[in-house]
Amino acid sequence: MPAVQETVDQVRRIDIDQYKYGFETVIEVDKAPKGLSEEIIRFISAKKQEPDWMLEWRLDAYRRWLTMEEPTWARVDYPKIDFNDLYYYAAPKKFGGPKSLDEVDPELLKTYEKLGIPLKEQEILAGVEKPRVAVDAVFDSVSVVTTFKEELKKAGVIFMSISEAIREHPDLVRKYLGSVVPASDNFYATLNSAVFTDGSFVFVPKGVRCPMELSTYFRINEKNTGQFERTLIIAEEGAYVSYLEGCTAPQRDENQLHAAVVELVALDDAEIKYSTVQNWFPGDAEGKGGIYNFVTKRGDCRGARSKISWTQVETGSAITWKYPSCILRGDDSRGEFYSIAVSNGHQQIDSGTKMIHLGKNTSSRIISKGISAGKSNNTYRGQVSIHRRAENARNFTNCDSLLIGDKCGAHTVPYIDVKNASAQVEHEATTSKISDDQKFYVMQRGIPEEEAIALIVNGFVKDVIQELPMEFAVEAQKLIGISLEGSVG
Amino acid sequence: MNMQTTNQPIGRMTVAETALVEAFGAQFGELPGNGAVAGTRDRLLDDLKKAGLPTRRIEAWHYTDLKTLLRTVPEAAPVSAIDPLAPLVEGSVVLSVLQGDADDGASADGIEIAHFKDKLADGSAVAGLTALDRDDAIGRINGSFVRDGFAISVPANAELEEPIELQVLHAGGQIHTRFPVSFGAASKATIIERHRSVTDDAALVSSISDIVLEDGAEITWIILQSQGAADTHLGQIRVKLGTNAKLKLFVVNAGGKLVRQELRIDVEGEGADLTLRGVNLLGGEGHTDVTLVLGHNVPHTNSTEIIRSVVFDRASGAFQGMIRVAPDAQKTDAKMACNTLLLSDNGEFSAKPELEIFADDVVCGHGATVADIDRNHLFYMMARGVPENKARAMLVHAFVAEIVEELEDEKLVEALEGVISAWLERHA
């Protein structure tokens with residue numbers, strides 16, 4: 001939209017001040033030497049006391065990665081990354097593995113307090129009306145604490161860092177790790193398979209409805225450190241779990257790499273709801289610094305009538321390259337993707353989803369809302385593929401873009417491939433500014449222009465916000481406000 | 001007819017690539033053109049040789065892997081004389097290109113018509129012999145091999161009463177034609193570009209139309225491609241729209257084994273308006289790919305695009321539609337729809353409607369659907385006593401004919417509906 005002059009000025013002013021998580025925690029750190037080699041991978045594996053098969057798996061991935069090329073098809077532009085100029089492992093020094101909260105470095109606790117992440121169980125319990133959330137906190141390369149573990153254990157739910165899971169539940173990890181995103185899947189996923197340091201592991205057994213929301217909070221703190229997390233969530237027959245991840249990083253002038261892999265497996269009648277509020281440091285007003293967020297997320301609806309739902313609110317990162325996908329293998333399975341991607345400043349987002357329909361009577365729904373402001377570029381890239389044997393598949397896709405300012409770009413690249421005549425695929429996309437009629441309608445009722453715009457933007461993203469767990473919906477709404485501050489008031 | 005392929009491919013070239021290179025070598029001496037044209041041909045073929053035919057790894061060719069799909073290239077040898085057909089619309093001025101050579105007797109009142117081979121001979125055509133970008137295989141093939149066609153210029157303010165039919169007929173072999181057509185300011189005309197086979201022999205046809213609409217011109221351009229079931233058709237139109245120019249572009253594909261139709265349109269004048277309507281009738285084993293790259297380059301321009309496809313048998317189809325709105329092209333209004341009836345489990349259709357938008361004050365949208373006939377529609381008809389197969393046929397016909405009716409000109413609508421009905425009777 002051609003914003004009013006006031007707005008334009010404010011958009012210009014928007015810069016790092018708006019990023020309130022940009023502080024750095026000063027803490028002693030145990031690091032691997034810089035660079036990437038088989039030695040480093042052995043070092044990481046040894047640090048994590050991993051079994052031999054895990055080390056072999058990593059080394060296989062690394063050897064394969066050496067033969068791969070960085071993908072260039074996405075609409076993102078960045079200088080070549082020197083993968084040997086990064087630290088692949090950094091952990092707070094006074095750290096001997098996740099343990100009780102009392103033993104955690106007070107500096108770390110303060111960090112999470114500042115970020116507003118509840119790590120103390122009693123604190124969470126104190127507020128009666130608040131829903132309880134179990135948190136796994138990942139700081140650089142390690143998980144520092146996981147809350148409510150005991151209580152979840154009673155329900156049969158395993159929720160722990162993946163490093164722990166490799167040691168404590170090797171059979172489960174071995175069975176499912178790499179079964180959705182193979183080690184050789186793509187450049188970044190393969191790199192992740194070689195060097196992943198931590199992440200969460202969730203296992204919900206047959207028939208169990210996870211008693212609380214699970215969440216992981218990722219924080220990159222160290223300089224020149226790549227974060228490579230790996231998350232694996234398994235919901236057995238009839239199980240249900242809702243999971244949320246959040247991410248922040250300090251403000252730095254140089255770019256940092258974050259290449260994660262998330263794998264979800266849903267067996268018969270299981271349901272997994274995965275929500276992301278991504279708020280990595282987006283870089284400053286000149287486009288300096290910020291996180292490169294190259295993420296592979298994929299869910300496998302392996303069982304009949306299973307359901308996987310991705311909801312994402314993307315406001316951070318200098319570059320986002322992320323396509324949470326669903327493989328609808330089981331008959332009657334369902335995949336959903338709800339996304340709000342807000343870009344401002346010099347941010348570049350290339351994100352979307354893939355819905356691969358393989359089973360009969362599978363259905364999928366994609367709702368994507370992109371908002372571009374400043375000098376950013378925001379691309380929706382998605383694929384809906386109906387395979388030959390996927391009888392009666394249904395898909396509905398809606399991707400809308402809103403432009404704020406005339407220096408930004410909004411792009412839509414959907415791929416629709418249908419090989420079965422019984423399929424019904426619908427796709428619609430629109431790009432526009434906020435219509436004058438809408439604005440007039442609201443302002444006519446005495447609401448100032450900036451507020452009117454904010455109201456309309458909130459309405460624009462409502463479909464997606466509604467899909468978030470309640471307490472995170474509030475956070476997401478605030479985040480969008482902050483990201484667009486100055487451009488929509 | 002196919003070229004004997006006993007020769008080993010040169011380097012890693014495919015049989016078809018080798019055949020093209022060899023055909024170029026064999027024909028080079030006799031292809032029309034002065035030194036500059038010959039140099040350009042050489043360069044384009046060299047680029048083609050270096051890049052090879054495009055594969056699906058090249059985004060613009062994602063759904064049509066020409067390297068794999070173009071297995072053989074027929075010989076370029078001329079065959080016996082062909083007679084022109086009656087025009088699609090009675091009373092049209094027919095300009096025919098028979099087996100690749102423009103008809104010597106062609107003329108029409110009030111417009112300038114020249115043979116493209118003369119433009120090649122005097123070198124004035126050389127500037128147009130270009131590839132639009134590094135993935136423009138059609139530009140390269142056509143530029144290397146083009147033999148003839150018509151260069152047409154409609155003067156300013158001219159209003160042509162009857163349509164002009166560009167009739168490209170062949171009986172197999174290689175046909176490479178070119179039609180630079182310019183419409184003067186405020187002129188009005190209807191052009192029918194018709195590609196047809198008169199035998200079942202395989203043909204490789206490449207054809208490029210360079211269309212310029214000066215300010216205020218109002219033009220209807222119809223492409224009717226109904227080549228034989230063994231043919232390859234590589235078509236491209238390059239359009240520039242001036243201020244307040246209006247173009248109605250209708251594309252009907254009803255034949256061919258391997259068809260790639262590229263519509264490269266640049267809206268360059270404020271107030272310009274494009275109406276694009278496409279009908280793809282896909283049957284047999286054919287593959288048809290319609291690729292649109294539409295640039296809204298200036299403020300205050302409109303466009304609507306509707307592509308309707310029906311897929312029978314083992315046919316496959318693809319539509320790639322890219323709308324680009326340049327940074328200053330405010331007040332662009334662009335709407336695109338791609339609807340497909342997939343009527344066979346062995347058929348397939350892919351759609352990639354893209355938006356690339358750099359201006360904020362715009363209204364752009366696209367919609368895409370792929371489905372079988374709506375069961376409610378079928379029920380409605382059958383409840384009224386129409387047997388199922390007849391009901392289906394009526395619904396399919398209505399689905400595509402609806403598009404053609406937007407032409408408004410009664411004679412044109414009737415002619416195209418005739419083509420559609422005849423095709424559906426053969427395939428449905």
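**View 1. The loop around His300(B).** His300(B) sits in the loop between strand E14 (287-296) and strand E15 (302-311) of chain B; helices (H or I, at least four residues) and strands (E, at least two) are DSSP runs, numbered from the N terminus. What is the phi of His300(B)? The angle is positive, about 55°, although His300(B) is not a glycine. His300(B) counts as partly exposed because it has 17 C-beta neighbours inside 10 Å. For that label, a residue is buried if 20 or more other C-beta atoms lie within 10 Å of its own, exposed if 12 or fewer, and partly exposed in between, with C-beta atoms placed from the backbone. Some bookkeeping for every view: residues are numbered from 1 along each chain as its sequence is written, while chains are lettered from A and ligands numbered from 1 in the order in which they are written. This is a predicted model, where local features need pLDDT of at least 70 and side-chain atom pairs count only at pLDDT 80 or more, but totals for chains, interfaces and linings use all residues.

**View 2. A loop in chain A with Arg305(A).** Here the loop runs between strand E13 (290-301) and strand E14 (307-314) of chain A, and Arg305(A) lies in it. Arg305(A) is not a glycine, yet its phi is positive at about 55°. With 19 C-beta neighbours inside 10 Å, Arg305(A) counts as partly exposed.

**View 3. Strand E9 of chain B and its two partners.** Strand E9 (residues 218-226) of chain B is mostly covered, with seven of its nine residues buried. Strands pair if DSSP finds at least two bridges between them. Strand E7 (residues 188-197) of chain B runs parallel to E9(B), and nine bridges join them.

View 4. Gly278(B) belongs to strand E13 (residues 273-282) of chain B. Is Gly278(B) buried or exposed? Gly278(B) is buried, because 24 other C-beta atoms lie within 10 Å. Contact means that the C-beta atoms of two residues, placed from the backbone, lie within 7 Å. Skipping neighbours within four places in sequence, the contacts of Gly278(B) are Val251(B), Val290(B), Ile307(B) and Arg308(B). For a sense of scale, 30 Å separates the C-alpha atoms of Gly278(B) and Glu17(B), which are 261 residues apart along the chain.

View 5. Helix H5 (residues 137-145) of chain B is largely enclosed by the rest of the structure, because nine of its nine residues are buried. Among the buried residues of H5(B) are Ile138(B), Arg140(B), Asn142(B) and Phe145(B).

**View 6. Two helices crossing in chain A.** The axes of helix H3 (residues 52-66) of chain A and helix H9 (residues 187-195) of chain A come within 7 Å and cross at roughly 145°. Axes are lines fitted to C-alpha atoms, for helices over the stretch in contact, and angles run from 0 to 180 degrees between N-to-C directions. The crossing of H3(A) past H9(A) is left-handed, meaning the near helix is turned anticlockwise from the far one by less than a right angle. Residues of H3(A) that meet H9(A) include Arg58(A), Tyr62(A) and Trp65(A), while H9(A) brings residues including Thr190(A) and Leu191(A).

**View 7. Where chain A touches chain B.** In this contact, 32 residues of chain A meet 31 residues of chain B. Which elements give two or more residues to the chain A side? They are strand E22 (394-404), strand E23 (409-418) and strand E24 (424-432) of chain A. E23(A) gives the most, with 10 residues.

**View 8. Stretches of chain A to treat with care.** The mean pLDDT of chain A is 82, and 83% of its residues reach 70 or more; pLDDT is the predictor's confidence in each residue, from 0 to 100. Over residues 6-17 of chain A pLDDT stays under 50, and the model has 25 contacts beyond four places in sequence for them. Residues 122-130 of chain A also stay under 50, with five such contacts. Where pLDDT is low, the predicted coordinates should not be read in detail.
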